[in-house]
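Let's take a friendly look at how parts of a protein model meet. Keep the picture open beside the text as you read.

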Amino acid sequence: MLVRSSTRISLGAAYYAEYQAAERLDVDLDLMASAGLNVVRVGESVWSKWEPEDGVFSLDWMTRILDGALARGIGVILGTPTYAIPPWLARKHPELAIRRRDGRRIGWGARQEANFTDPLFRSYAERIIRAILAKFSHHPAVVGYQVDNEPGLEVIYNENVFEDFKASLRSQFESVDALNAAWGLTYWSHELSDWDDLWPPEGNSSPQYDLSWREFQARITHEFIDWEASIVREYCAPEQFVTTCLAYSRPSLNDFEINSTLDVASGNAYFGMQDHLDFESDLAPIEPWASTGPWGLELQADRMYSSKQARFLVTETNAATVGSAHRNFPPYDGQLEQAGVLLLARGARMIEYWHWHSLPFGAETYWGGVLPHNGVPGRIYKEVKAFGDKLAAFGDLFDGFRPDADIGVIYSNASKWALEFQPPIALADGTADRNSYNRIFQAFYRGFSQHGVQARLVHAEQLEALSPSELVDRHPVLLAPAL
Amino acid sequence: MLVRSSTRISLGAAYYAEYQAAERLDVDLDLMASAGLNVVRVGESVWSKWEPEDGVFSLDWMTRILDGALARGIGVILGTPTYAIPPWLARKHPELAIRRRDGRRIGWGARQEANFTDPLFRSYAERIIRAILAKFSHHPAVVGYQVDNEPGLEVIYNENVFEDFKASLRSQFESVDALNAAWGLTYWSHELSDWDDLWPPEGNSSPQYDLSWREFQARITHEFIDWEASIVREYCAPEQFVTTCLAYSRPSLNDFEINSTLDVASGNAYFGMQDHLDFESDLAPIEPWASTGPWGLELQADRMYSSKQARFLVTETNAATVGSAHRNFPPYDGQLEQAGVLLLARGARMIEYWHWHSLPFGAETYWGGVLPHNGVPGRIYKEVKAFGDKLAAFGDLFDGFRPDADIGVIYSNASKWALEFQPPIALADGTADRNSYNRIFQAFYRGFSQHGVQARLVHAEQLEALSPSELVDRHPVLLAPAL
Amino acid sequence: MLVRSSTRISLGAAYYAEYQAAERLDVDLDLMASAGLNVVRVGESVWSKWEPEDGVFSLDWMTRILDGALARGIGVILGTPTYAIPPWLARKHPELAIRRRDGRRIGWGARQEANFTDPLFRSYAERIIRAILAKFSHHPAVVGYQVDNEPGLEVIYNENVFEDFKASLRSQFESVDALNAAWGLTYWSHELSDWDDLWPPEGNSSPQYDLSWREFQARITHEFIDWEASIVREYCAPEQFVTTCLAYSRPSLNDFEINSTLDVASGNAYFGMQDHLDFESDLAPIEPWASTGPWGLELQADRMYSSKQARFLVTETNAATVGSAHRNFPPYDGQLEQAGVLLLARGARMIEYWHWHSLPFGAETYWGGVLPHNGVPGRIYKEVKAFGDKLAAFGDLFDGFRPDADIGVIYSNASKWALEFQPPIALADGTADRNSYNRIFQAFYRGFSQHGVQARLVHAEQLEALSPSELVDRHPVLLAPAL
């Protein structure tokens, strides 16, 4: 398997041949090969292209992409397209729309609007996954699979999810009295007399309830991804891997839990460029989902490593400007290499840019790719190629590599959720900062990084089974910020 | 009656034995007695404990609290628990949920979500009030009653309230033409042809309409509290008093009107501590419901005095940090006494801390009590005890006391509402400041206070019956900021 | 015709005799005449006065206003009152309420809440328009008509509008595949399989879709105004004109398109006064709908000229303070004349203040008129009169006048909408600035103005038919900011 067992670091890009205004598949693949790219991710965003009408499949267009990649020694990560349902499905089944806390259903028209816990959604998703896998899983270009994409975007308030939540509590607590006691529901007259007394989360003010609700939301994200992975595995060759790409900032995600049944952890690392990559930078992040400072990127990589305590794939990262049209900060010369080397040093086995070609349409038209809008290789392409040459020169240097760590630091998704509900620190204007957990955690992390201390992030869950002496052996210095 | 006729200032705390994780009633009461606390407020937040299932009552748990208090000479203010309805009631009758201006019903899960004007709510409320009162009104520890809690939190847009509003206008105006003229409804084509033409307040832009609507909202709050008080009085001994505790910042509240049928005015005075209590402080308030500056606390006390032009009870005030977890400003040494003496000097007959014991769960987990989370008396307890000793030393010093006043100042809830709708002053960012009335009023008040001028607040309604000469006699200097 | 063919500049005010608390028609008209006012606008806001009950008309009250104006040589612009529907209509037909993007219907109680595309609305509107026109179109005081008022306030999401939008796409594109290609709907799985797959705009994230939607919204505004104008023209004498007054900042408005079937362009020019009118001012606008700087007012005038490339009417502009109660910036001495002369120099043929008399009630109580609240002429009246005297002295000076222009500048409503959806520049806090188009455009315009360069604004649509050589002939220098 190219990516999993390669003695080389993989370099690549998300590639959407189907988005191009004019035919240019061979041009693109030649340019990739010439720049040292040896992996692409394809197909995860276009269910409507795979299945233009209900039950009518159109799969052949992918064949020549895979053939072209194979011909140039480029491995392919094939995506399942379930994160963006086609308009015919949204029209036929408006009940699939996610209901938010305010009681309103998300209007269709972006992506990730569907309640993936709904059995009806599952039946449609399963059909398209099986159609794609049956056709392409034996194609020799395919090195692995990405199921879905950046899961956990929403906290889902649909009725069936709330009912499942109640059922999970019923199996967790032996009686309503046990729940009353555990959550302290005497307070403000919240004691249940019956399981059906459990109030919907929309109006909830109990921190104990909220934490359970958030844990449950992460669990259903995990269950969904695990369900997809199990279908894919029916078709998978032993040397192919199954992963999903994580935006680690998603609200309904426990990266430890979700990766427990995947082969390799994959993450999307977006970061501030230009002066943000100065060692001393104290700029604010440009977006909640983007890090600032080299230390911030280091933290992102260490989070990815922590999910499985193993090396990982970077499925998306900056090529040029990232985000919306009003964010125009392309990298300075050399910064792509700076970031790439940092990711490798912290455990990345693959670096994939998002994306190959800046788009001619759509919401992300101004999110820059390796190629600019006109498709002509320019400065960014040249920088990527230089980095590709360097990786080739590394050869098998990273075989068996494990990133250094001077200390251990405990990361806890549960603590993050708890401190979102009852934030312990304030913003400058005096209101509560829902990002309190990260602020505290990052203050430590920045200090480590800027003083040359490398950290091993460990999930609270990963320490549970250890005896005290094992714990001390493994982590002589172990910090627990805001746990 | 302990509180009403005592020659001593009362000192106490809200006490929720039912919130404690472990049994500690005797420990708590002993600690209170030792600190000089002679009054507690109990029971107002736990309808679900009083009535765990529809029609199933559980009252006995209160007996030992009352017995324990009595044994130590601690008087008890018994609360009716109607401000927080139990989950079984919310589940059986979702139509009781308050509808807000945006047309959405408040999700159950905090408190004060129920439309207290609904006859169904009233029947449930009456049943639990009668059950509690029948059992405990003769208990010798009980010195008085608090009905409901901090009423007037919402502006209620439920259909029945709007219909009652229309009915009240019909009785106030002899015809729609009279209303058209009074409200100036020619403007923007708003003239009614029929009473049913009156549009719901959700879309209203007429200031005349809005003011009537707000006055009506305060009136229904008053009517509800008066209704509860009248039930309680059926059980009340002559020496027991009936009050409710007011958060004076509530939007649907006219403190003059609501106190007109209560025995004594009670208010909750929260204030900024630490540097906020510096005489020269010009810090912004930490929350809309908390005052800043000694002058701000003085104003709170004078508002309480003004409600009935009589001395009053402070039913809640800071012990330690107040508000959410991100507000961590416990008092400096001595500030509890500073605030306490100020309240006494402006007419308080009782000071009750909120609350005795920091909570182990719930939305107010980080709202500090006299005791910290571990239940072990610490610095705050010591300060409270010192203040309790001082009060004991005062003895009957405050008998017949009436706070000084150099000038009179008119306060008008109606003006406050009018200036919320059409604010005359802007915020720093240029948008309208709905808090304009208070800003203007407080600018005067701060000036008075910082220059040693004590004021007697009077409600506009309290002056209506006076002749000009009576007015001049009573208030030789009378200011009317932003009337 | 007074306004259209007069050799004098017209000066006037919006006049609402029906809003006055006491009878003062003759006083008002005498004061106007004495100040040199020779035009008033009347009647556009009071459908409920014209038709107090469904089908019951009350028209006579206007007769004496027209008679009184005629007697003093004051021309009258008669308004159709369709922008503010009466309460009986809102009550009988709640389905007329506009539905916003959030799915909620606008509550009735201000104005412009009705879906003017609804056939039912049209039938009611037609009836009242015909009633008013039949009675007053022959009155010799009437010089012209304003249909509706400041149209295009809302983006209308009602079902029938969305269906009309789909129909317009069906006629514009020959198939869904053509639309899929034109809008790039492969992206994020948005390809339509059928016209009914088109998703409602509430959830849309496609910029191509959004631009079409916004263009469609402007088109229905145009169609509505054109429909009203065509009814009015059935009654109109040849020397009477038909216009509507535009708030150029309205979201659903293409001023070029809407004026294509009107006789004269009319606009409402509100501007910051006091230091805002300093030549070097760099103050921020006080409201999104108000300009800052003399250059900003110049830009407003040039926009009005551009709509028809012809001189225009200013139907509303500052007399005293404008906007809400917290905006209190009446003009310095002389500023009304400063602004008036500027408007004339850039092509205004009429200047009408909004409004004659500050109102005793309603949402705009603190929007100052020529007369203050007490109705006694004061400083503003004196300034207006001085300006009126100056205009009288000008006589026919402006006959045949065409404002100077050193350069041409292209204005594009479509570009403005596109850049609202994908703003290219950020606000100070880093978020996207939906006002990006105007910011870019205004940066150029301010530079022109402050360096003595006068510009001719031209709509992109006005250049389409020109050959390159015609274009160069007409605009040797032609700028296209943010096109």
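B:Asp197 and C:Arg91 form a salt bridge, with their closest N and O atoms 2.5 Å apart. The term stands for a side-chain nitrogen of Lys or Arg within 4 Å of a carboxyl oxygen of Asp or Glu. The rule finds one such bridge across the interface of chain B and chain C.

Before going on, note that this is a predicted model, where local features need pLDDT of at least 70 and side-chain atom pairs count only at pLDDT 80 or more, while totals for chains, interfaces and linings use all residues. Residues are numbered from 1 along each chain as its sequence is written, chains are lettered from A and ligands numbered from 1 in the order in which they are written, and side-chain values use heavy atoms, leaving out hydrogens and water.

Here is the interface in brief, counting contact as heavy atoms within 4.5 Å and buried area as the accessible area (1.4 Å probe) that two parts lose on being put together, summed over both.

| Interface of chain B and chain C | Value |
|---|---|
| Residues of chain B in contact with chain C | 30 residues |
| Residues of chain C in contact with chain B | 33 residues |
| Area buried between chain B and chain C | about 2,400 Å² |

Carbon and sulfur atoms give 54% of that buried area. In chain B, the residues that lose the most area to chain C are B:Tyr187, B:Trp188 and B:Ser189, together 30% of what that side buries.

How are the two chains related?
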